[in-house]
Protein chains: 2
Amino acid sequence: MTAPDLKAVDAWWRAANYLSAAQIYLQDNPLLDRPLAPEDIKRRLLGHWGTTPGLTFCMAHANRAILAHDRDLLFIAGPGHGGPAVMAGAWLDGSLGERDPRKGWTEEGMRKLFHEFSFPGGVPSHAAAAVPGSIHEGGELGYSLAHATGAAFDNPGLTVMCVVGDGEAETGALATSWHSHRFLRPGRDGNVLPILHLNGYRIAAPTILGRMEDAEIDALFRGYGWAPIFVEGDDPAQMHRDMAAAVDACLGTGDDDRPPMIVLRSPKGWTGPETVDGDPVEGTAAAHQVPLKVPREEGPHLRQLEDWLRSYGADALFPGGVPSGEVRSVMPAGDRRLGATPFADGGRLTRPLDLPDAGDFAVDLPSPGAEQTGATGVLGEWLAELMRRNPETFRLFGPDETKSNKLSAVFDVTDRMAPGPVEATDDHLSPEGRVMEVLSEHLCEGWLEGYLLTGRHGLFNSYEAFIHIIASMANQHIKWMREAGNTGWRAPIPSLNWLLSSHVWRQDHNGFTHQDPGFMNHLAAKGADMVRLYLPPDANSLLAVAETVFASRDRANCIVAGKQPEPQWLTLDAARAHLQRGFGIWDWAADDPDPEVVVASAGDVPTMEALAAVDLLRDLVPDLRLRFVNVVDLMALQPPSQNAERATDEAFAAAFGTDAPVVFNFHGYPGLIHELAYRRAGHERFHVHGYAEKGTTTTPFNMAAMNEIDRFSIALDVLDRSGRTDGRVDAARKHCHEMLERQHAHSHEHGDDLPEVANWRWSRG
Amino acid sequence: MTAPDLKAVDAWWRAANYLSAAQIYLQDNPLLDRPLAPEDIKRRLLGHWGTTPGLTFCMAHANRAILAHDRDLLFIAGPGHGGPAVMAGAWLDGSLGERDPRKGWTEEGMRKLFHEFSFPGGVPSHAAAAVPGSIHEGGELGYSLAHATGAAFDNPGLTVMCVVGDGEAETGALATSWHSHRFLRPGRDGNVLPILHLNGYRIAAPTILGRMEDAEIDALFRGYGWAPIFVEGDDPAQMHRDMAAAVDACLGTGDDDRPPMIVLRSPKGWTGPETVDGDPVEGTAAAHQVPLKVPREEGPHLRQLEDWLRSYGADALFPGGVPSGEVRSVMPAGDRRLGATPFADGGRLTRPLDLPDAGDFAVDLPSPGAEQTGATGVLGEWLAELMRRNPETFRLFGPDETKSNKLSAVFDVTDRMAPGPVEATDDHLSPEGRVMEVLSEHLCEGWLEGYLLTGRHGLFNSYEAFIHIIASMANQHIKWMREAGNTGWRAPIPSLNWLLSSHVWRQDHNGFTHQDPGFMNHLAAKGADMVRLYLPPDANSLLAVAETVFASRDRANCIVAGKQPEPQWLTLDAARAHLQRGFGIWDWAADDPDPEVVVASAGDVPTMEALAAVDLLRDLVPDLRLRFVNVVDLMALQPPSQNAERATDEAFAAAFGTDAPVVFNFHGYPGLIHELAYRRAGHERFHVHGYAEKGTTTTPFNMAAMNEIDRFSIALDVLDRSGRTDGRVDAARKHCHEMLERQHAHSHEHGDDLPEVANWRWSRG
């Protein structure tokens, strides 16, 4: 391969700019075969010109770089509303026409490209899932560089060119993403080439970085660890020369030990109208969206639009609707094309994980309650074997909590990735580490998303309360997966998996800030077709969930599981069968065919407390007819109408009955159970205990008691709901109240829980 | 005032370190009057030593600076788990004892201080609301510097000293917060003095910044616009000299035009055990939490603890439990004390806003539907007058959307704050601006929180979809307000107010990424005692809501209101009365005393569509008995048991009836209505239409139709629920289906909505 000449690069750029502007404006007359007429213009002008010419400029040089350096390159368009540019690129390299033959290299194909941009039934105005070659949507801003870094992990031959807009650069997620290169390992990982594109403006005002002097920008990025190269100006010929030299320098063998990056200063709306109605447009915030507002009537805007469009010379660029030989000379072939690279359709590259047999790691359980262990510690052993078997396609992410979440077994296999020098006292830290720890949930999430979008697998473990930090990222990734599924051509990618340990009921020592189960509420709204919420009640259940989520595709799986030693309830076989159903009766705990009250639970601590309540009641009121139901897959509570794959109404009725009150002990906010189950028959029987937004620094049992999810509060509610009023019931009630008082007094005097509370064990059968 | 000598500063520091270590360990023997015995040690050791000595070091020098420079200083402790340090400071300066006389300057007061730290019924391990002198909790990390900046706005005499931990410095929010100083205006605003505290470690591993060389750190912070001064070492005497000189340089008249900051490198766990059981502790991650794990038994840990504690010389520092004269010489008096400054109890400084009369701005409405306007545009005029009347106590925050959210009227009063040079083409940008625009929701939220916590007022306007970015910050601020209310001594602060415009139903042009109403779900879980969700159906309702939220205290108010021209329904008086009730019948629309179906709505677009459905049905099936109910205050749907102040069950039944089906057209996810209303009588009658996670780039009406919140889908559902089957009903049904088909075909051909759909007006009475 040889580098195309810069005249051809300029031709490609002009072609992409023409296609971009035309997408915003034209519904007909795609090649300007005749004078532009009002009826050629769309009725509703939607799109963003301002960022586009800078993006197409970068894409032109990305194409040139692939040819000049003979390498795989993935292009990430960070700036918002860059849709016209990336669609133009995908049309030019033919990848769009291959996926949607109506949009091929013909005049009619061009017309369709233009007409369907930002149009009902068409494509959105960002680099969306519908755009070939994209793994990143410039809708909500901030995640481009984290995605780029995740894409580069374990792809040693790959260059990820990532354009960061100066608007996006103001976001928190992006501001810390500049440190990401410290986590890339030459030889093992690919390289990321950021292009900070300073066009100077957000929607309506200048950007911070756009108004900083070069010296300050240089200092900032040297401080972040990069070696910046500046490309600045507005003369196309000079800019092409400078940009080609900068890219060549970045992709060559550098003489700086810092990774290179490019700072590109070019006018917002470059090559568009300089002024409109006498007001400056090019190089100002006025170029952000649609520069000429009223071209759908005869008048100066229409004429100015025509002059603008004709300035690119479409007739020479697309003779008969086909990109000219000169334009085509800038583009690589086959899978090297920006729009066709499999790195941007990661499912094509996905290899299933070699999953260890959970049976080799399961807790051996002679009877329910007979063993006591921490669930995440057991999972950690399994994960260690998983990482041993899949040394290049799996990573573990988290904000410095791998050890505190009891997953340390993975350190038998690998280390933490060291983002700087290693000292003798450091614990499992090395430049080869595959455990990605950084105290930024945004980076953990963004890296993992980039890793998944390019076809690999991973797990993000975090504190339950602080996972809210990436609520918006979760949102956008789920939206992306939904849209990707609608394209018809994107291959499924591995699911996004979170393990929320250090959960609300075991953050008694860290206090109120660390106590929050609300992330499940956030996810549940997205629907069971995309989301699963798993609440494994013990270690074997967690193993069963792990087997499931790491084999799944195109979903977001949220697992909430504790790290503290807790009683174990199910053998692995039982756990797998239970998970398969989503919920079910635990007959060994209580299984009256005609229950007075159904006791239900979801979550490890609520399950233990609910079982302790059943234990207590079976002692105190032996003839009380109870049934015990546990829910491990929360979205299975939704009716089949919302979730056709899930539990039927018959299964629901078989477990929860149809008449008896249900006292439900739930890990999260009680309202969530109602939100999910409100269309199930007899939902009004459900009385849910859960987190009532009461917390502080206290003891484990007190956390439960403050929110009335403890065994005594559950037992009291069961007695109430049973409607029984005899003497034994009164005595049982009295016992519960006394125990709550004794525990309260003990904990406030000694700082820990009553031994008989802390040491309760299930000892029946 | 004169500066205390550094020997005294060291004494204060040792005193604070003693008090900090003792809080973690001791339940008795507070002055070490006798040899330390196992029973003096708490049973459960909770707390974090690692960050503490660096924090107390900064506090010692903060105290010195107040005296040396005769100024108000607010101290913000960013690092996680800094609770022992700030509690020690508040005990030392007497502010703790003034609020809780059991914790005064006596041996018993010390005992209580120690015993109740991280203890049931006591205080948490962070700089929580319970800590005098704090406006910031080091629980979830990332927001200290944004809070500090918000506190400095419009407080020209104030210095905010903000300690940023190197763990926290990895977060996205903090990484972009370093740009915040560009938004401070000398003379109008106070100054922020950041101290980047590099103790080198997070929980278990080194930090990124901790392992960076000084030259790289210097470049980074010069790039951010600061002038860093380094203070590094572990010799206390030298470090005191260096720190005092650095602080004096920072608070003196600088000769650099950049604001100064301090980079403090000191060992993690400084002055604590160097090694434990032969392993290094001081200066490593092992110092993070409790260095000596088993001092509650006779043995080396107990003896080492005693040696450590005695190393501070408590007998000389606290003779008889009273801080020595030398220690006291370092502390300012009265309101200048760190623990007593009113800037840290902002409600004491709050002046109510001078609110404009909404009547001067209201839409004059001869009859429902007679006018058409954009709600936020009307609010903008009122906000402009609000800002005119309150030039020093109100600011408007947002990520560059003031204009696009139609609040531009405020630019008649003030400008955007310019974070850099201003150019001739800039639009309403100046260094005096009070509209705080930055493309970081974290900064908008953090600045506003800091501004509110110091007693001022503000509004954050944002896109509805992207407000998820600060979901976790909202969470933590609400937790803070809840805890502040529990202290008994904190004065109420102005509420946190969000205006979510550019909402899900009017982001048809921006596509799926911009369409998300889930923030309400997130907030609703926090409970109606802290949160209000307002869905004003028109401009006058929005004005009424604005009057309410800006007069409220200690709440989080989320307002969702559109910016596009929409029909207007209520006069201002009617809107105020409607808001007072939370929900109610709109009798002018439909008010049958015995309705066959109740049509209900919440949100501007769903309300318009529901009214259009009623309009249609009244034409097509004139004898259909309907009632129309609108909900403006969503949390009023909760039953009184969850929310004692709100609408009674009688009011609920009077509006929604008790038997008839309710077809509810909702702005957000349908499940939220069920979550809120599930305990209301007859909840099973509710059939909610809302956002079904269906979106793309399309037309406004298509967005509604995709999710079946459009007039035709509502009308069809009303007909279904009515149970009627006559010929007119069949004809009405047919009409609805035909209209949906025509609209679909039209929009996919022309890119806009059918004129008769887009131009529908209410024209009855």
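Colleague: How many residue pairs in polar contact lie across the interface of domain 1 of chain A and domain 2 of chain A?

Modeller: This is a predicted model in which local features need pLDDT of at least 70, side-chain atom pairs count only at pLDDT 80 or more, and totals for chains, interfaces and linings use all residues. Residues are numbered from 1 along each chain as written, chains are lettered from A in the order written, and side-chain values use heavy atoms without hydrogens or water. A polar contact is a pair of N or O atoms within 3.5 Å; within protein, one must be able to donate a hydrogen and the other to accept it, and residues adjacent in sequence count only if both atoms are side-chain atoms. With both residues at pLDDT 80 or more, the interface of domain 1 of chain A and domain 2 of chain A has 18 residue pairs in polar contact.

Colleague: Which element gives the largest share of the side of domain 1 of chain A that touches domain 2 of chain A?

Modeller: Helices (H or I, at least four residues) and strands (E, at least two) are DSSP runs numbered from the N terminus. The largest share, five residues, comes from α6(A).

Colleague: Which residue does the side chain of A:D154 meet in a salt bridge?

Modeller: A salt bridge is a side-chain nitrogen of Lys or Arg within 4 Å of a carboxyl oxygen of Asp or Glu. Four salt bridges are found across the interface of domain 1 of chain A and domain 2 of chain A. At 2.9 Å, N to O, the side chain of A:D154 meets that of A:R434.

Colleague: What area do chain A and chain B bury between them?

Modeller: Buried area is the accessible area (1.4 Å probe) that two parts lose on being put together, summed over both. Contact, meaning heavy atoms within 4.5 Å, takes 112 residues from chain A and 113 residues from chain B. Carbon and sulfur atoms give 56% of the buried area, which is about 9300 Å².

Colleague: How many salt bridges are counted between chain A and chain B?

Modeller: One salt bridge joins the side chains of B:D426 and A:R211 (2.6 Å, N to O). The count between chain A and chain B is 20 salt bridges.
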